[in-house]
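These are my notes for someone opening this entry for the first time. They are set out as numbered points.

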Amino acid sequence: MKLRSLSANSPGRRANWKALGLSPEDMEKPKIAVVNSSSELAICYAHLDGIAQIVKEEIRKAGGVPFEVRTAAPSDFITGANKAGSYILAGRDIIANDIEVQVEAAMLDGMICLTSCDKTPPGHLMAAARLNIPTILVIGGYQQAGEIDGEPVDVEDVWSGAVGERFGGKPKFPVADMAENAIRGPGVCAGMATANTMHCVVEALGMTLPGHAPVRGNSPKMQANARACAHRIVEMVGEDLKPRQIMTEGAFRNAIATVLAVSGSINAIKHLQAVAVEAETDIDIFTLWEEMSDVPILSAVRPTGEVRIEAFEDAGGARAVLKRLETRIDGDVLTCTGRTMAENLKDYVIPGPDVIHAIDDPVSEGPAIAILRGSFAETAVVRLGIRDGSRPEEFSGPARVFEDSMECLQAIEDGKVKEGDVVIARNQGLKGGPAMGGGASMVLFALDAAGLAKTTAFVTDGQLSGLCLKGLTVAEVHPEAATGGPIGKVRDGDRITISVENRSLDIDVPAEELARREGPGLRIPAHGYLDTFRHDVRDMSTGGVLLPERS
Ligand code: FES
């Protein structure tokens, strides 16, 4: 076995590691980073320090030497949007950089990443793609949701209830009671929001062991999964099995198929694109997405339907989805097991037929998420969910333009948004937000609570929480307002037309006229890291990576 860390055994390192308790024999063993993206600020991470101890112990048993390293650990509900932008998306790239400056700099032989809240899975996958050393991810799991009077209550209820109350909606229970009861254990937000979607993506890419996503946080099963991953990473170092052998185009297709089949979060698109860029591929996730758009919806976990994430796990989770998609995915891709996806799935029997449907008997036709293009956007994303006609998919109306989400929320509260309007909240993009901050998701809940979700359309260059699925909402409009996109030049009254059937998003203003109009530039002030981020971030066609252009 050729170990990078042996060449890192300089006298200075050996002196440090000896002082840390390593024996002469340890110096010759594989050195494995245990990447613990964790913080005491959020429940998403509350169990990970304990999991790190389990993982380290198992790595030692398997013949490796673990080194725990920490990274930034953003959490949507704690370090999310504030007045100056969003630290959560900006945090994704810090995680990748944190890993580089510790794991790559120390020339460790492999890494095992404890992955949890929304931005940690993509941050870990990006680092894996960048460093290209043997890597496996441990799925951190979801939080146990609560109940009131026998009825399930989760964090989505708290959030949508709080926003809705301000705009005339009536939550199913008092918000304070729901907040008291919604979270009963460590882990990520319940439901098929961004974190659970990304956990399924990790498994579909082949970057964790089969049957690991989703899982209840800190459950005996999750702890057993962590042990299995710890053993496997030591083997992977011996096999020199690297992420760029695993995360190939076929693996990205499998991940896309999985997101579509579970009707997951739109955020998966930009995260997958960022991973593809970090792997130095020319894979265009937006194009692959369009090519996979015949994949139907096979399960309806909240917010798509009423299925709880626990039931989805019991029904086999991502592994069962991949099994159902067996004829639609690329079975030849290599996974972290050292076997192909097809080999992993060959003998698997889905535990129950009800929750995860067969591909010829889907919950709904797809796609659950579509890419729109046209004179208003090079790309934009619309989450459709179940295609049962309950939400509009074709819409044409006059633009009602707001310079940010807060201005838009105020207008809704003041009754200034009318049926038929195409509500536009701009300056919420990668540079404008910056880092897609500003609370576009709240607009959606406000429109819903005000009874306008189905009689208006909402268009933004911002991002949406994975919990958002209401009305006709087009997000992540690229190019964004701050970089001269049409969304920065649209004026009140300009006609905007959205057609899901045609996959189009258009403005009825001649291109020459748009070219004459001024865009807002960087309108929202920012300082510190967010200011650095907005200047260095690349556009949405790269998934918003903080990497220089490659010639
Ligand atoms: Fe961490 Fe929702 S806030 S997963």
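1. Burial is used throughout, so its cut-offs come first: a residue is buried if 20 or more other C-beta atoms lie within 10 Å of its own, exposed if 12 or fewer, and partly exposed in between, with C-beta atoms placed from the backbone. This is a predicted model, in which local features need pLDDT of at least 70, side-chain atom pairs count only at pLDDT 80 or more, and totals for chains, interfaces and linings use all residues. Residues are numbered from 1 along each chain as its sequence is written.

2. Helix α8 spans residues 155-166; helices (H or I, at least four residues) and strands (E, at least two) are DSSP runs, numbered from the N terminus. Its 12 residues reach 17 Å from the first C-alpha to the last, close to the 16 Å expected at 1.5 Å a residue, where the expected span is 1.5 Å times one less than the number of residues. Buried in α8 are Val-155, Glu-156, Asp-157, Val-158, Trp-159, Ser-160, Gly-161 and Val-163. These buried residues pack against β8 (151-153), α9 (175-181) and α20 (440-449). After α8 comes Gly-168, with a positive phi near 95°.

3. Helix α13 (residues 249-261) has 13 residues and covers 18 Å between its first and last C-alpha, close to the 18 Å expected at 1.5 Å a residue. How many of the residues of α13 are buried? The count is 11 of the 13, so α13 is largely enclosed by the rest of the structure. Among the buried ones are Phe-252, Arg-253, Asn-254 and Leu-260. Ser-263, which follows α13, has a positive phi near 50°.

4. The protein is divided into domain 1 (30-144 + 187-346), domain 2 (152-184) and domain 3 (369-525), with bounds from an automatic or database domain assignment. Between the C-alpha centres of domain 1 and domain 3 the distance is 30 Å. Their contact takes 28 residues from domain 1 and 24 residues from domain 3; two residues are in contact if their C-beta atoms, placed from the backbone, lie within 7 Å. On the domain 1 side, the elements that each supply at least two residues are β3 (81-82), β4 (85-86), α6 (87-104), α10 (194-205), α14 (267-278) and α15 (285-291). That side has 13 nonpolar, 12 polar and three charged residues. Here Ala, Val, Leu, Ile, Met, Phe, Trp, Tyr, Cys and Pro count as nonpolar, Asp, Glu, Lys and Arg as charged, and the others, Gly among them, as polar.

5. The UniProt annotation, from an unreviewed entry, places "domain: Dihydroxy-acid/6-phosphogluconate dehydratase C-terminal" on residues 354-543. UniProt positions are given in the numbering used here, feature names are shortened, and annotations may be inferred rather than shown by experiment. Over residues 354-543 the chain is 18% helix and 24% strand, and the end C-alpha atoms lie 35 Å apart.

6. The largest nonpolar core holds 188 residues; such a core is a set of buried Ala, Val, Leu, Ile, Met, Phe, Trp, Tyr and Cys residues joined through C-beta atoms within 7 Å. Which members touch the most other members? They are Ile-32, Ile-112, Val-138, Val-201, Ile-424 and Val-443. Helix α6 gives the most to this core, with nine residues. Leaving aside neighbours within four places in sequence, the contacts of Ile-112 include Ile-32, Val-138, Cys-229 and Ile-233.

7. Ile-412 is in helix α19 (residues 405-413). Why does Ile-412 count as buried? Because Ile-412 has 22 C-beta neighbours inside 10 Å. Not counting residues up to four places away in sequence, Ile-412 touches Phe-167, Val-417, Ala-446, Leu-447 and Ala-450. Ile-412 and Ala-450 are 38 residues apart along the chain, yet their C-alpha atoms are separated by 7.5 Å.

8. Some backbone details deserve a look. The peptide bond from Gly-433 to Pro-434 is cis, with omega near -15°, and Pro-434 lies in the loop between β12 (422-425) and α20. The bond from His-478 to Pro-479 is also cis, with omega near 5°; Pro-479 lies in the loop between β14 (472-478) and β15 (495-499).

9. Asp-149 has a positive phi of about 50° although it is not a glycine. Asp-149 is in the loop between β7 (146-148) and β8, and is exposed, with 8 other C-beta atoms within 10 Å. Asn-218, in the loop between α10 and α11 (220-239), has a positive phi near 65°. Asn-218 is buried, with 21 other C-beta atoms within 10 Å.
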